[in-house]
Amino acid sequence: MTGPQIIFLAVGAVTLIAAIMVVTVPRLVHAGLWLILALAGIAVLFILLDNGFLAVIQVAIYIDAIAILIIIGVMLTRTAMSDTARQINRMWLGAAFACLVIMAGLLAIVSQAPTATAGLLVEDQVSMEALGRVLVDVDGFILPFEVASVLLVAALVGAILVAMTPARGD
Amino acid sequence: MTLDWLFIGTILVVGAGMAAAPIALQNILGPRKPNKTKSETYECGIETVGDSWVQLKGQYYIFGLIFLIFDIEAVFLFPWAVAYNRLQFYMVVEGVVFILILAGGLAYAWRKGALEWV
Amino acid sequence: MVPLSWFLILAAAIFSVGLFGVLARRNAIAILMGIELMLNAVNLNLLAFWRYLWSDSLTGVVFIMIVLAVAAAEVAVGLALIISIYRRRSTVVVEEIDLLKW
Amino acid sequence: MSDPFTAIGQFITDLLISIGIDAVITNILLTVIAAVLLGSVVGLVAIITIWAERKLLARVQDRLGPNRVGPYGLLQSFADIFKLITKEFLIPKGADRYVFIMAPLVVVGGVIGLWAVMPLAPGLAGADINVGLLYIIAIGAIGTLGIIMAGLSSNNKYAMLGAFRTVAQMLSYTVPLLLALLIPVMLAGSMGMTKIVEAQSGTWFILLAPLAALIFFISSLAELGRTPFDLLEAESEIVAGFHIEYSGMGFGMFMMGEFVHAFTISALFAVIFLGGWQGPGIESFPPLGFLYFLLKIVLVYFVIIWIRGTFPRIRIDQMNSFNWKFITPLALTVLIVTALVDKLAVENGFNRTAVLLASNAIIVLVTAFLVRAHAASLRRRMEVTDRAPIQQPEAAGD
């Protein structure tokens, strides 16, 4: 057992428990807070995978923006469904079974995964400058880069259009 | 590199500890005589009616939404900004186009009246 | 060093948990949370593969950034739809919004 | 190897290895000790900051300020701490116990965590990661989460409304903050905080990007919830907002988080725009850099207190439109103009400082003209309708 392995097991266990809590706790606000813990666990795992940039943007986007937005959404729609109401639908046993089957399938595939060892990273592979360059290079990812911008604007426009439509009697 | 992240993890824990220690200390030193009136919700002396879950305005969602979109924009733009000094002119223009598209989104929200505090 | 398979197993487990949330939860926002968990598991998988097998190119990192952008757009529009439905129908239970038109 | 901090670190490392501790464990141990030390020092600095702020604010308002406990009232903050510690920690009825207690921890932890990447002196920075600035943004916004937790768990209508208003304000003002921070990154060519400071060895960024510095400063004030943006915690008008149900040290920790945050923002401004530890003579004697850094922090912090003592509070709709209709479009314009002009200037061999200053000046002039025209049209409309001036001319205006 090396240091990273111990950290992986601890963080992985916390992440998994948090994920299970997200889908099982009855109070939705608590589910949101557990979701934040799970996302933070994933960020630590990103650091273990030697990519500090993605770890930081995981916190910046998922925890600071998406999770907060979800909690705001929970608060806005809270009166529609009380926390004491049934949160799990009638077919949850079937769903659990299906998930177990899928997990078994995934594990079967994972068992065939190559036993690769991580090579040493050279500075260039984690350098922000190379990443910034490849994002706007015509031989790089210029198209996804600009399309991402269009996608974000489309989401912004669409969400404002849908959420701002006045309801009856509003 | 790894030690840097260890440092960050430790200081985050220490930071939380800096807040936890006084609160724990207060729990030991401070008095603890709870009574019914004391643990009532504080509402300037008026008795609380109903539960605390007031209906929030949809406006908060719009602000969170615009923040989310610009947050992601920034994440895409920060690597671009780091590489800025070594980029050719057309690459800078691509970044500017990226910003302009999002500025268009902001202009739409403005025209639609989503930015007003109601 | 942590073996690659550990990351893959953890990602598979988180993915399945998220899928359970999507299939079994009644509240639409809880379903969105399940989807976020699944996307995160996918990201973890992508980054593990990038680190162990393709660390000589930046494709994996850019891929994850795009997934983040898509996840954000999905949450933005999804929540807007849920809020809109809530305003019109006063419900967020997915079983009760199974009509295409009302 | 020449600077004393590396030398001291090396000395302690050698010492520990020589008494038979494994090299890796030594490194880990030293890192943890350094982090604990830095975190505690920052936490303690807040106590002095509170005294300094109260004293200065009192002088601005022609009062004496704390002067009973200790010389010049220096021990006043400690007296306050002892008072708060001996109070009862109330958890209101129906509150969400664990979330309620966790909330101040998240707020304070997030603020102190910012110091991890702060370059304190040449060769002395807690963690020199290459995404330092993005880390600042990510962890800096964690406070929002703490506020939401406090609001949700208090089981109080006012706490909840206050929390969501605060969150809306913080989220809104993060947008111009993000856009303004892109400019120093562009100029420095790095997100590492140490690299940003090193890039300012010639000219400080406040000269290259004065508007970005101003936008960063204003939106930081709003994130802090400081005057003139303290309308959400206005003690004299509405109850305290999201921390209404916190008593004793729970409240004290939110307070401490706020003061440490103000201090941290000053430090960030000093690092990003005022050259951090840069100053004359640091090459020959690096520890001097620490002194320069401290001086710059105190300078910025003084300006924050000065503003607090001077400006009135703004209304919530003014706060909102000031952000979305003035600062954010301005930040977008500054970003685009800087990106294009700087590239063209550098490619054609112009002087970077002169060109950037000139473009900033032009933006200021155009903005002033537009705001003037807008205010004039508002005034005209008011005269035509002959109504009482319900709506003030744009908060940003004259």
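Two residues are in contact if their C-beta atoms, placed from the backbone, lie within 7 Å. Helices (H or I, at least four residues) are DSSP runs, numbered from the N terminus. This is a predicted model: local features need pLDDT of at least 70, side-chain atom pairs count only at pLDDT 80 or more, and totals for chains, interfaces and linings use all residues. Residues are numbered from 1 along each chain as its sequence is written, with chains lettered from A and ligands numbered from 1 in written order.

Start inside chain D. The buried residues of H3(D) pack against helix H2 (23–60) and helix H11 (248–273) of chain D. H3(D) spans residues 76–85, and its buried residues are Gln76(D), Ser77(D) and Leu84(D). Buried means that 20 or more other C-beta atoms lie within 10 Å of the residue's own, also placed from the backbone. These three sit on the same side of H3(D), because they cover an arc of only 95 degrees around the axis. The arc is that of the directions from the helix axis to the C-beta atoms.

Now the chain contacts. Chain C gives 66 residues and chain A 74 residues. On the chain C side, helix H1 (4–24), helix H2 (28–52) and helix H3 (59–89) each give two or more residues. H3(C) has the largest share, 21 residues.

Chain B puts 57 residues against 74 residues of chain D. Helix H1 (2–29), helix H2 (59–83) and helix H3 (89–111) of chain B each supply at least two residues. H1(B) leads with 20 residues, the largest share.

Note on methods. A residue is buried if 20 or more other C-beta atoms lie within 10 Å of its own, exposed if 12 or fewer, and partly exposed in between; C-beta atoms are placed from the backbone.
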